[in-house]
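Look at the model below before reading on.

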Amino acid sequence: MAEGGAGPVVEWSRLEAAVINGFRQLRDRYLHRVKGRGALEDESDGLEQVDGGSLLDTLPVDMQLYILTFLSPQDLCRLGMTNQYWHSMVQDRLLWKYFLLRDHPSWSSIDYLSLPDLDVLNYCLCESQDGKECNYMSVYLRSCPKTRRSMRTRNPIYGAVTSFLQSLVMQGEPRFAMFGPGLEQLDDSLVTRMMTSPDFIPVVSILQRQINGVGSGVTFQLNGEHKFNILTLYSTTRSERDRARVEQSAAVNKMFVSEGLVYGDQRAAYSLIPQVKEVCKVVDGFIYVANAESHQKHNREEEVAQIQVMMDPLLGAQRRPLLVLSCVTNPGNKRIPCVYLAHELCLNRLNRPWMVQNTEASTLFGLFDGIAWILAEVGRKI
């Protein structure tokens, strides 16, 4: 399993053994019923079909499991429509539990409608959860990015109507406040890469630092069509960041003012400087750049507190979307899976649309999908 929620290898072997054992019992029960009805072909027929099935039905269950691991969720559902045996087989709870635990670390995105509960992922792999059976098939299909996209395409009329109504309300270019430690802690600059990318063409740039030395704005044009403005908010100036990196010390955050601890849950409380408050009042959404590199230390409690103060409903419409770019510097860097990052940032507590999108700073991989999502959320369908 990937880092950021990985379990010991022995748990995988236990789960795989349980899946295979469950399949064997299922297959034995099914074939026993078929024999009882007299529908099973004589074993001497060898390669002949069984009860309308195929050669695949006669393979050892270990081999069947191996074949199933290569199928997509859509293919599994189609396989389940072929006969009674495969209909029961592809709905087996342990099978989908296996796929869920195997695949979720590699998912490229997760959102507020699809985030699986941590208990589903973390409790003992071969035991039931408080005596309740979880529908892992439903969790997987709701959370997997590929199935989420296919489900969205099934409702094009709703999406078109929603975008049309939003476009009537919004005038001009959408504006987003971009902030977060990933802007400053990574070895490559996401903003600089965007400024030089052929896909994100900067149209108008406010080069001077206008917000207490830490803020600037750039209007981008995506694919030569869709314009949007990003107000980039850094916690410190460039010279202060460079000095802190050389001295290996922490620079003072200029965006947030610490107000001590909230003793009920021991969280650090923050308030925004007046200039940043004004930015939060006028933007149409937020882009949080998170550092997702698994080898680095992260102060998630502080990040959660800072996200919450930026999302203060007193500063603007409560349903403004939040895009979290789960950033690593280079393609080969190990990352915290987006599902776990969403839980670490307590995004499920936010009463607004949000999405976590895996992104690479050096290549901008994943950034287009994230920008397309937040533009669609504010009525700019791509």
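What follows covers the cores, a helix, a strand pair, the cysteines and the salt bridges.

This is a predicted model.

**Nonpolar cores**

The largest nonpolar core has 62 residues. Met310 and Leu322 have the most contacts inside it. Helix α6 (residues 93-103) gives the most to this core, with 6 residues.

Which residues does Met310 touch, not counting residues up to four places away in sequence? The partners are Phe179, Leu233, Met255, Phe256, Leu272, Val276, Cys280, Phe286 and Leu315.

**Helix α6**

Helix α6 is largely enclosed by the rest of the structure, because 8 of its 11 residues are buried. The buried residues include Trp96, Tyr98 and Phe99. Lys97 and Asp103 are also on the buried list. Asp103 has a relative accessible area of 12%, so it falls under the 20% limit for buried. Its side chain meets that of Arg102 in a salt bridge. Arg102 is partly exposed, at 30% relative accessibility.

**Strands and cysteines**

Strand β5 (residues 226-233) is mostly covered, with 7 of its 8 residues buried. Strand β2 (residues 175-179) runs parallel to β5, and 4 bridges join the two. Arg175 has Asn229 in β5 as its bridge partner.

The whole structure holds 0 disulfides. Cys280 is buried, with a relative accessible area of 0%. Cys346 also counts as buried, at 15%.

**Salt bridges**

The whole structure has 7 salt bridges.

Arg300 lies in helix α15 (residues 300-310). Glu303 lies in α15 too, 3 residues from Arg300, about one turn of the helix. Both Glu303 and Arg300 are buried. What does the pair of Glu344 and Arg300 tie together? Glu344 lies in helix α16 (residues 338-344) and Arg300 in α15, so this pair ties together parts that are 44 residues apart in sequence. Glu344 is partly exposed, at 28% relative accessibility. Arg300 counts as buried, at 10%. Salt bridges with shared partners join Arg300, Glu303 and Glu344 into one network.

Leaving aside neighbours within four places in sequence, Arg300 is in contact with Asn291, Ile336, Leu341, Glu344 and Leu345.

Note on methods:
Residues are numbered from 1 along each chain as its sequence is written. This is a predicted model: local features need pLDDT of at least 70, side-chain atom pairs count only at pLDDT 80 or more; totals for chains, interfaces and linings use all residues. Side-chain values use heavy atoms; hydrogens and water are left out. A nonpolar core is a set of buried Ala, Val, Leu, Ile, Met, Phe, Trp, Tyr and Cys residues joined through side-chain atoms within 4.5 Å. Buried means under 20% relative accessible area, exposed over 50%, partly exposed in between (1.4 Å probe, protein chains only). Contact means heavy atoms within 4.5 Å. A disulfide is a pair of cysteine sulfur atoms within 2.5 Å. Two strands pair if DSSP finds at least two bridges between them. A salt bridge is a side-chain nitrogen of Lys or Arg within 4 Å of a carboxyl oxygen of Asp or Glu.
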